Every structure is written in C-alpha cells, then in structure tokens.
Amino acid sequence: MSTYTEQPDGIFKTVCSLDCPDQCGLLVHKEQGKIVKIAGDPEHPVTRGNICNKVRHMAERIYDEKRLTHPLKRVGPKGSRQFEQISWDEAIETITSRWKALIAEHGPESILPYSFYGNMGNINAEGMDRRFFHRMGSSQLERTICTAAGGAGFKHTVGGSIGADPEDTVHTKLFIFWGINAVSTNMHQITLAQQARKQGAKIIVIDAHKNQTGRLADWFIPVLPGTDTALALGLMHILFAENRVDENFLQQHTLGHEELRQHVKAYDPATVAAITGVPVDDLYKLARMYHETTPALIRIGNGLQHHDNGGMNTRAITCLSVLTGQWLVAGGGAIRSNSAYLSFNSEALQRPDLLVKRNTRSFNMNQLGRILAMKEQPVHSLYVYSSNPAVVAPKAGQVREGLAREDLFTVVHDLFLTETAAYADIILPATSAFENHDFYTSYWHLYMQIAEPVIETYGESKSNTEVFRLLAAAMGYEEQALQDSDEQLIRQALDHPANPGLQNISYEGLLEHKYIKAHRPYIYPDRLDTPSGKVELYSSTLEQMGLPPLPTYVPLKEQDDDGYLYIPGPAHNYLNSTFSNNAKHAGMEKAPRLYMNTVDAERHGIVDGDWVIISNHNGSCELMAAVGETVLPGVVVSQGLWADTSDYQPTHLVNALTPDRLSDMGGGATFFSSRVQVQKRHDVVADTAIEASTAL
Ligand SMILES: Nc1nc2c(c(=O)[nH]1)N[C@H]1C(S)=C(S)[C@@H](COP(=O)(O)OP(=O)(O)OC[C@H]3O[C@@H](n4cnc5c(=O)[nH]c(N)nc54)[C@H](O)[C@@H]3O)O[C@H]1N2
Ligand SMILES: Nc1nc2c(c(=O)[nH]1)N[C@H]1C(S)=C(S)[C@@H](COP(=O)(O)OP(=O)(O)OC[C@H]3O[C@@H](n4cnc5c(=O)[nH]c(N)nc54)[C@H](O)[C@@H]3O)O[C@H]1N2
Ligand code: SF4
Ligand SMILES: [Mo]
C-alpha cells in the first residue's frame, strides 16, 4: 500500500517537515511530476511568503542522485559501505527473523529503537513507531537530545511549554534573544522583531558568540558559556534592590517571591560580573532597561540548555521573565517552547498501554556510545530512523565503536546512506515528507498544519508508518492499532478534549484550510500547570529531587582543565546533519570554521584561515580558524554538524569531542560544556580565500 494519492502538476500547499520552530507553510511547484520550486506560502500568517535558503534549495535533496531507492544489505565489513540491493520482502524477512531469534534468546529488551525528529510530522516521528516498540516490549528510548534540560527547567517554573504568541510580538518593545541564534534557527521571529523595530523596538542579544544574530542586535552582550544563571540572578538582584519588580504579580501569581528576594542578595553585581564576564555597568543598564520597557520578551534558546547546568539556566531566566509582570502583556513574557498549545492525544497516538512490562528498561539517547558498549545484558539490535547518531550524538567516537560491533544487528531507515547507515546490516529507503500524509504542530507559532503527498514516492522508498505496519505484520503482531492507516492515526491524535486549544481543529478543517490556529482565549491562564498553579520561584518538586529549590548558579563541570570552553553549534545552511551531504548546501556553508579570539590565536601562532586541530580526552577534529573578536578569550565556537569527507573520514566530526554527561535536569545533552585544546596544523597552508565574518 502506498500513501501516494494521484496529484496533478500545479502548486501545492504543504508544510516544512524540518526540526525548526518556524514550521513554515510551503508552496511546492510541480511540473511533469517533479518539484521544480519551493517557496513560502504568502497566505500563511507567520511564514508570509518567506522561507530559508535551506528549504528553497530543498529540491536538490529530494532528487539528489545519492538518495536511496531500494533496501540494501551489507556485504562487506561494517562501515565499509559495501551493500547489495535486496527486495522489501527480503529486508523485512531478514529483520523480523533476526528479531524473533533475539527475542527468544535474550528477550525483547535486547532490541533498541533510536530516533529523533528528522521529520516533524507527528505520526511518522512518534506514532506507529511508538506503537510497534511498545507492543514488542523493546528497550525504550528517552528522547532527550534537544530541549530536555530547558523543558524541565521551564516546566518546574511555569508548568509547561507555554509562552507568548509570536504573532503578538509585532507589538513588543524590547526583545532579548538569549542563547538563540535566531537569524539561522528561528528566522520568522527575527522578521517579527524587525517589524517591531520599525515602531521603536530594541533588540538585545545575549550570547557566547557574536554570530549572525548578535551582529544585527542594537546591543550585543557577550557572556561566558554556562554562566547564564548567574547573569539572571544578578539582574533579579538589581530589580529587587531598586524596587523594580511588579509586587502585584508576585503576590497573585508566584510562589516563593520572599525567599527569592532574600536569595538573590548574594548575587551582587560585582560577583556576577566576575562570573559572567558582563561588566557591572551593563548589568545595571540591562536590568533598568528591562524594567522600563513593556512589552518585553525574552526568547530563550537552546544554546544555554546544552550545558551541565542547562535546566537551571532556563529556570533562572524564566524566573527573571516574570518579575516585572510581563507575562500579563500581549507580546511580553517569554518564549521557550509553545508546544503545549497544540498538544494532541499522544496516548491514543503512541499507545503506551501496549507496553505490558511495567519496568521495561529505558536508555537516555545522549549516551548511545556507552549503551552500545554495555557488557551486561547488551543491546543486540539497533533500529535507527529519523536520526543520524554517528554525527549528531555526543561522544561520537564511542558511538561509532559501538556501531562497528560485528555482533550488533543494525537497521537504518533513512533517505540517504548516512554516516550511521554505513554501519547498518540492512538499510531501508525512506520517503521524504513531501511523499507523506501527516500533521504538524509547531513548537513556536500556534498553527496546526496538515500535509498530503505532493509527489510520488521516490524509488521503492516507504514512510516510517508504512515500514512499521510491515514489520508488525511480519512479527505476527495482530493488534489493529498496528495496521491503522495514516488518516486513522491523525484522527486519533486530534481527538483530544483535554486540550481546549484544539476545539476549532478537525481533520476535515485541516484538509480544507491546511493550517488552523490553536484556540487561546487568554494572554495568561487562570492556573498554571505547576503543583501550586502559580509560577514556582521556589520549587518543592526540585527540592525533593535533591536540586536547589531556588534558582542557583552551579558552574560547569570541567572547570579545572586549562582548555578552551568549546561550543559546537548548528550551521545556517544545514539542519543538524541534514543537508551536510548535499553539495549545494555544503557549498553555501563553505568551510567548517572555528571562531577564536585574536588574543588566543596569537598565542598559538594561528592566523585566520589556518587549519587547526582541536582535541580533548574524548577525541579530536579539524577545523579552519576564524580569528577575530566574535568570542571572548578562552572560548571557541564552531558551527555545523559536518558530513564525513568524500573519502569517508570523520575529519570534521565535532561530536568526537562532546561529553555524554547529562544535564542537571531532564537528562539533557551537554554538547556545549566541553573543553578543548587548539593546535595549529603546520603541514598545510592557511586558506585566506574563504572569508568568515570575524569582526565585532
Ligand atoms: N539553520 C538551522 N536552523 C536550525 C537548526 C540547524 O541545525 N540549522 N537546528 C534546529 C534545532 S533541532 C534546534 S534545537 C534549534 C537550535 O537553535 P538555537 O535555539 O538557536 O540553539 P543553538 O544554535 O544550539 O545555540 C544558540 C546560541 O547559543 C549560544 N550559546 C552557547 N552556549 C551558551 C551559553 O552558555 N549562554 C548563552 N547565552 N549562549 C550560549 C551559541 O553561541 C548560539 O549562538 O535550531 C533549529 N533550527
Ligand atoms: N555538537 C552538536 N550536536 C548536536 C547539536 C548541536 O547543536 N551541536 N544539536 C542537537 C540537537 S538540538 C538535535 S535536535 C539533534 C538532531 O539530530 P537528528 O535528529 O539526528 O537530526 P539530523 O541530523 O537532521 O538527522 C535526521 C535524519 O533523519 C532522516 N530523515 C528525515 N526524514 C525522515 C523520515 O521521514 N523517515 C526516516 N526514517 N528518516 C528521515 C534524515 O535524512 C537525516 O539523516 O542533534 C543534536 N546534536
Ligand atoms: S527550515 Fe525553518 S525557516 Fe526553513 S522553511 Fe523549514 S520551517 Fe521555514
Ligand atoms: Mo534540536
């Protein structure tokens, strides 16, 4: 059964499936059965006809000759990329007979799924797959690689993923982009801010790197990585000391304001300046500006979450965001994730009831390397889909060692022969989202959207839902839930009276309108989803978990090492590792740069364009120095999860250096909390032809 329904040529409305808050409405132009152009939908209230360069060039990826067209089986050593074409029947039979044998010998927990949001369509990302692995009773996966730390920090403060409606931010007068590279990662929030700027709004960026977002700010505030909690506490100190808090709001809507008032006395400006690198005068200026401007919005990004103290960083900033009462004002308050407004019936979609064994073991995806290295009750089979862990997971060297295990039966379902797929025993070709039926829920704007297939399935590729239906049948699982159609899955997920925000949204309505906004009759709800129903400045829940109940600065773990603090962030022209294997996008991205301060570069005799090796106890990789003043001394930053080179070497694998420690809350990733040594490569000459913006 194919999900493809006959579509003529023309222009079709659909959705961008990438893991990006903007979740754009798209117009896909199709001629002779093929996509010839992808543009923003001018009628979509948030997209307003603009999309990023990545997706404007996405047809290159859809029709890339490297795209997988058939199932493959491995015929050489793991990692050698020697595969032979097989039929779907043979692929499904090979996988399921192996799984049946493993289940008989070691039990279902010897099998581990590994996935993330390579495709944000809900039924493909977290629908039929969840049903299947629940029914199997496989080891379960904690999907914590992205926003788990911040999600927890935010939840313990305001109860869940709610915040300002981005569309209201045209009225905002002060934007604080905090740990977010929004020009690259949330471009429509920048469009809205630029519109507000015409009415006098100011844009402040607080970041460890003066990148494309910092460069457009009215005021860029460089901060030392992992010190944001201290910065937020210092600002709260000044707000309380100068009576710049909204006492009414604190009284009515918060818990623990008196404790917080006392607690922040310890974070005086001089102490905070020494920790954060932000001068005392700037602390006063920022606190006063924040108090004096309304609506003031803090857009909390992922950068400050990917740290040892990422949960607390998010929590401290969230506490700051309520002190002046801005959550009561349209266009004020904070935005971290808005996913709660569009929350759907995930129990109906994922069917956790199919998992019979209560204490089935579960693994944190950030520790894939150590999971695959386990000697006791080892994982014998790994099924990877919608993710590329050989590139994106921390401690990538250990991940690849695990993937290279001859006794690990690995299946990878993807559109491409990724770095992870290179280690697979069986590779299955995946459809692109333009070939699927699915529904989408943005975690930033408030629109639910639907997509129907725009083009025919590519080669013999299949969607995630379709592959799990086949696997379920071949495993002999007889539950109807494992054969439900895509339409049934969507309808079941939408049937969710518990979220009144969906009251205007139906399957038929979505088919007709393509996007529908969540119903939200308030700016600030009557009751938050915290235990007290209020903003918890003091959290007894955290206290019971052994964490500080009040926002408290805890330094990063690797302090005594004399290496540079290293932030390997995402790139403008890639989406995590997606597009990194595509010539057009790699060409736009030019070279893997390492931003470093002039003072540090001079010490090592490094000039702009030099190739450098960065290394630490986890591994090493090679990058090209971008010398200037975009980072503070002692900090180095790279952008991009780069593909292995054309001879399949992991030369620019930044995650070779990242730690697999978990964050303070939520089991989140700590990609940005490592330290590295930097060394010049003397055997190659500097490449001065590639310019990188390195000026202040
Ligand atoms: N073009 C593009 N867009 C994307 C992605 C992509 O790969 N490329 N990825 C998507 C995904 S999955 C996600 S989660 C989002 C992530 O997008 P963002 O939320 O923007 O997160 P990052 O880009 O990881 O980091 C944001 C900024 O945090 C800074 N930073 C790092 N550590 C600290 C710190 O301790 N304090 C402060 N204040 N700043 C710090 C970094 O320098 C960086 O500029 O983007 C999504 N959109
Ligand atoms: N150093 C460092 N590492 C990071 C980050 C960072 O900032 N720095 N960011 C982290 C974050 S925030 C995230 S979210 C993760 C993201 O990590 P991943 O989720 O692994 O994201 P991608 O690299 O985009 O890989 C997605 C894969 O899914 C495939 N795919 C797309 N659609 C489908 C589909 O419908 N079905 C199937 N089967 N496959 C599909 C794509 O081809 C691609 O190979 O990376 C994390 N890793
Ligand atoms: S990646 Fe983001 S900005 Fe680009 S089209 Fe998709 S949703 Fe829009
Ligand atoms: Mo992410």
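Is Gln 449 buried or exposed? In this predicted model, Gln 449 has a relative accessible area of 1%. Since residues under 20% count as buried, Gln 449 is therefore a buried residue. Gln 449 sits in strand S19, which covers residues 447–451.

The pLDDT averages 96 over the chain, and 98% of the residues score at least 70. Residues 1–5 have a pLDDT below 50, although this stretch makes 13 contacts in the model beyond near neighbours in sequence. Where pLDDT is low, the predicted coordinates should not be read in detail.

Domain 1 spans 4–62 and domain 4 spans 564–693. Domain 2 is written as 72–144 + 350–433 + 454–485, and domain 3 as 149–338 + 530–544. Between the C-alpha centres of domain 3 and domain 4 there are 28 Å. Their contact involves 28 residues of domain 3 and 22 residues of domain 4. About 2,000 Å² is buried between these two domains, with carbon and sulfur atoms giving 60% of that area. On the domain 3 side, His 209, His 306 and Asp 308 lose the most area to domain 4, and together they make up 32% of what that side buries.

What about the interior? The largest nonpolar core contains 95 residues, and Trp 99, Phe 132, Trp 178 and Tyr 383 have the most contacts inside it. Helix H10, residues 228–241, gives the most to this core, with 9 residues. Because domain 2 and domain 3 both give residues to this core, the core lies between them. A second, separate core has 67 residues, among them Leu 368, Ile 371, Val 391 and Ala 669.

Apart from neighbours within four places in sequence, Phe 132 is in contact with Trp 99, Phe 468, Leu 471, Ala 472, Met 475, Tyr 477 and Leu 482. Phe 132 is also one of the buried residues of helix H5. This helix, residues 128–136, is largely enclosed by the rest of the structure, because 8 of its 9 residues are buried. Besides Phe 132, the buried residues of H5 include the charged-looking run of names Asp 129, Arg 130 and Arg 131, as well as Met 128, Phe 133, His 134 and Met 136.Just after H5, Gly 137 takes a positive phi of about 80°.

Strand S24 (residues 611–616) is joined by 6 bridges to strand S25 (residues 619–628), and the two run antiparallel. S24 and S25 form a hairpin, with 2 residues between them. Within this pairing, Trp 611 has Met 624 of S25 as its bridge partner. S24 also pairs with strand S27 (residues 674–680), again in the antiparallel sense, over 4 bridges. Here the bridge partner of Ile 614 is Val 678. Val 678 also gives a sense of scale: its C-alpha is 46 Å from that of Gln 449, and 229 residues separate the two in sequence.

Most residues other than glycine have a negative phi, and most peptide bonds are trans. Arg 48 has a positive phi, near 45°. This residue is found in the loop between strand S3 (34–40) and helix H1 (53–56), and Arg 48 is partly exposed, at 38% relative accessibility. Lys 514, which is not a glycine either, has a positive phi of about 75°. The peptide bond from Thr 294 to Pro 295 is cis, with omega near -5°. Pro 295 belongs to the loop between helix H14 (280–292) and strand S12 (296–300).

A last stop is Asn 248, in helix H11 (residues 247–253). With a relative accessible area of 56%, Asn 248 is exposed. The C-alpha atoms of Asn 248 and Gly 325 are 8.2 Å from each other, with the two residues 77 apart along the chain.

Conventions: Residues are numbered from 1 along each chain as its sequence is written. Chains are lettered from A and ligands numbered from 1 in the order in which they are written. This is a predicted model: local features need pLDDT of at least 70, side-chain atom pairs count only at pLDDT 80 or more; totals for chains, interfaces and linings use all residues. Side-chain values use heavy atoms; hydrogens and water are left out. A nonpolar core is a set of buried Ala, Val, Leu, Ile, Met, Phe, Trp, Tyr and Cys residues joined through side-chain atoms within 4.5 Å. Buried means under 20% relative accessible area, exposed over 50%, partly exposed in between (1.4 Å probe, protein chains only). Domain bounds come from an automatic or database domain assignment. Contact means heavy atoms within 4.5 Å. pLDDT is the predictor's confidence in each residue, from 0 to 100. Two strands pair if DSSP finds at least two bridges between them. Buried area is the accessible area (1.4 Å probe) that two parts lose on being put together, summed over both.
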